[in-house]
Amino acid sequence: LRMVSSQPLDSEPVSDEELRPHVLEGFIGQPRLKAQLQLFLDAARKREVPPDHILLAGPPGLGKTTLAMIVANELGVPIRVTSGPAIQHAGDLASILSSLDAGEVLFIDEIHRLPRPAEELLYIAMEDFRVDVMVGKGPGASSIPLTLPRFTVIGATTREGMLPSPLRARFGFTAHLDFYPHEELEKLIERSASVLGVELEEGAAHQLSLRSRGTPRIANRLLRRVRDWAIVHDLESVDVDAVTQALALYQIDSEGLDRLDIAVLQAICRNFNGGPVGLNNLSAMVGEESETVETVCEPYLVREGFLVRTPKGRVATAKAWRHLGLEPQDDVNKLF
Ligand code: ADP
C-alpha cells in the first residue's frame, strides 16, 4: 500500500511534534498575525536585541505552542518550556529564570494558572531582568537580588481575561489566535497528509476541514483517524466516503461538533429548557470541568451560533434546537 507508512497502528506519537511547522513561512493561515510577528522579529534582529515579551491568547489547538517554537527557531535561540500548573512555588520559577541564557525564549503555557507569588516574581523579572533569590530559611533568611540576562517570555493562555493587568502590561506584543476558516484548514490537512504519507482524493481534505471545529489540532487528529480507517479497509487513498464513515464512527457530526459539544447543547435544551443556565450547573450536568466547557467547548459553539452568553447564563439558539432535531421553543424563535 502506497499511503501506509511503515509504522504499526499503535505507534502514533502522542505529541503534536511531527506535524509542527518550524518556520513562520510554514505556519498556515492567520495572515495578519504572521505579518505582525514577522515585522516584530525582523526589528529585533536588526536591533540585535532579544524581542519584547509575547502573549499568545486563544482556544486550545490553534497553534500557540507552535508559534512559540517558531519564534525561537527564527531567532536562532534555545527555548525553555514550562507551564503555569507546573510551577508550584515562586522558587521554582526563580530557579528557571536564574538559569536562562542571554536571548533565550521562556515559553510558559497556561500562564493564567501561575500561582500569585510566581506571577509577581515574573513581572519584575520581565520588566527589570532581575530576580530576588531567597537564601537560607526562617528568620535568618535573606534575599539576594540577581541580575538576569535579557530574555524573551512567550506566554500562552486560553483565558486572557484571567491574567492580572500588571502581568498583561509586561507583554510588548499580544496576538489573539482565532478559529481557522475552512480554506486554511484544508491547506493544513493537505500539508499534514503529505507529511504522514496519506493520499487524499479530491474533496476529502475539504470534507475534513468542515468537521475540524476550526482547529488545526483537531484537523490533524481527524486526519489520523481517517488514515486508520483507510488502512483497516485496505484503501489506497482516502476519499470523501472514507472521511464520512470514519468520522461517523468517532461521533463527529456534520457541523464538526463532538460528543461534548452535543452533550452541552442537549443539556441546555433538554434539562434546562433552552436556558439561561449558569456555567457551573451546565458543567455539572455534562460531567466536565467548568474550565473545559468554558474554554474548549463554548468559544466554538458561540462562534457558530449555537449558543449565546447572556448576563443570566448560557442560552441555546434556534439553530441548536434544530441541530438536535428538536422544535425550538416559541420564545427562542422570538429571541433569534
Ligand atoms: P496550542 O498550543 O494553541 O494548543 P499547538 O501549537 O500545540 O496549539 O498546535 C496543535 C497542533 O496543530 C500542532 O501539531 C501544530 O503543528 C498544528 N498547528 C497549529 N497551528 C498550525 C498552523 N497555523 N499551521 C500548521 N500547523 C498548525
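**Figure 1. Burial and overall extent of the predicted model.** In this predicted model, 36% of the 336 residues of the protein count as buried. The protein comprises 14 helices and nine strands. Its C-alpha trace spans about 70 × 55 × 35 Å along the principal axes. Among contacts with a separation of 6 or more, 68% are accounted for by residues 24 or more positions apart.

**Figure 2. The largest nonpolar core and the surroundings of Ile 154.** This core contains 36 residues, and those with the most contacts inside it are Leu 56, Ala 68, Val 71, Leu 93, Leu 121, Leu 122 and Ile 154. Two or more residues are given to this core by each of the strands β1 (54–57), β3 (105–109) and β6 (152–157) and of the helices α2 (64–75), α3 (90–98) and α4 (116–128). With neighbours within four places in sequence left aside, Ile 154 is in contact with Ile 54, Leu 56, Ala 68, Val 71, Val 105 and Phe 107. Another core, of 23 residues, lies apart from the largest one and includes Ala 204, Leu 222, Val 226 and Ala 246.

**Figure 3. Phe 107 in strand β3.** Phe 107 is found in strand β3. The residue counts as buried because 24 C-beta neighbours lie inside 10 Å, against a threshold of 20 or more. Residues up to four places away in sequence not being counted, Phe 107 touches Ala 68, Ile 79, Arg 80, Val 81 and Ile 154. Val 81 is 26 residues from Phe 107 along the chain, yet their C-alpha atoms are separated by 4.8 Å.

**Figure 4. Packing of helix α10 against helix α11.** Helices α10 (residues 259–271) and α11 (residues 279–286) pack at an angle of about 115 degrees, and their axes are 9 Å apart. α10 is therefore roughly perpendicular to α11. The crossing in which α10 passes α11 is right-handed. On the α10 side, Leu 260, Ala 263, Val 264, Ala 267, Ile 268 and Asn 271 meet Leu 282, Met 285 and Val 286 of α11. By class, the residues of this contact are eight nonpolar, one polar and no charged.

**Figure 5. Packing of helix α10 against helix α12.** The axes of α10 and α12 (residues 290–303) cross at roughly 80 degrees and come within 10 Å. This angle makes α10 roughly perpendicular to α12. Leu 260, Asp 261 and Val 264 of α10 make the contact with Val 293, Cys 297 and Leu 301 of α12. The contact of α10 with α12 has five nonpolar residues, no polar residues and one charged residue.

**Figure 6. The loop between α10 and α11.** Most residues other than glycine have a negative phi, and most peptide bonds are trans. Asn 273 lies in the loop between α10 and α11, and its phi is near 55 degrees, a positive value in a residue other than glycine. With 13 other C-beta atoms within 10 Å, Asn 273 is partly exposed. Pro 276 also has its place in the loop between α10 and α11. The peptide bond from Gly 275 to Pro 276 is cis, with omega near 0 degrees.

**Figure 7. Gln 30 in the segment before α1.** The place of Gln 30 is in the segment before α1 (31–47). Although Gln 30 is not a glycine, its phi is positive, at about 45 degrees. Gln 30 counts as buried, since 20 C-beta neighbours lie inside 10 Å.

Definitions and conventions. Residues are numbered from 1 along each chain as its sequence is written. This is a predicted model: local features need pLDDT of at least 70, side-chain atom pairs count only at pLDDT 80 or more; totals for chains, interfaces and linings use all residues. A nonpolar core is a set of buried Ala, Val, Leu, Ile, Met, Phe, Trp, Tyr and Cys residues joined through C-beta atoms within 7 Å. A residue is buried if 20 or more other C-beta atoms lie within 10 Å of its own, exposed if 12 or fewer, and partly exposed in between; C-beta atoms are placed from the backbone. Helices (H or I, at least four residues) and strands (E, at least two) are DSSP runs, numbered from the N terminus. Two residues are in contact if their C-beta atoms, placed from the backbone, lie within 7 Å. Axes are lines fitted to C-alpha atoms, for helices over the stretch in contact, and angles run from 0 to 180 degrees between N-to-C directions. Angles under 35 degrees count as roughly parallel, over 145 as roughly antiparallel, 65 to 115 as roughly perpendicular and the rest as oblique. A crossing is left-handed if the near helix is turned anticlockwise from the far one by less than a right angle, and right-handed if clockwise. Ala, Val, Leu, Ile, Met, Phe, Trp, Tyr, Cys and Pro count as nonpolar, Asp, Glu, Lys and Arg as charged, and the others, Gly among them, as polar.
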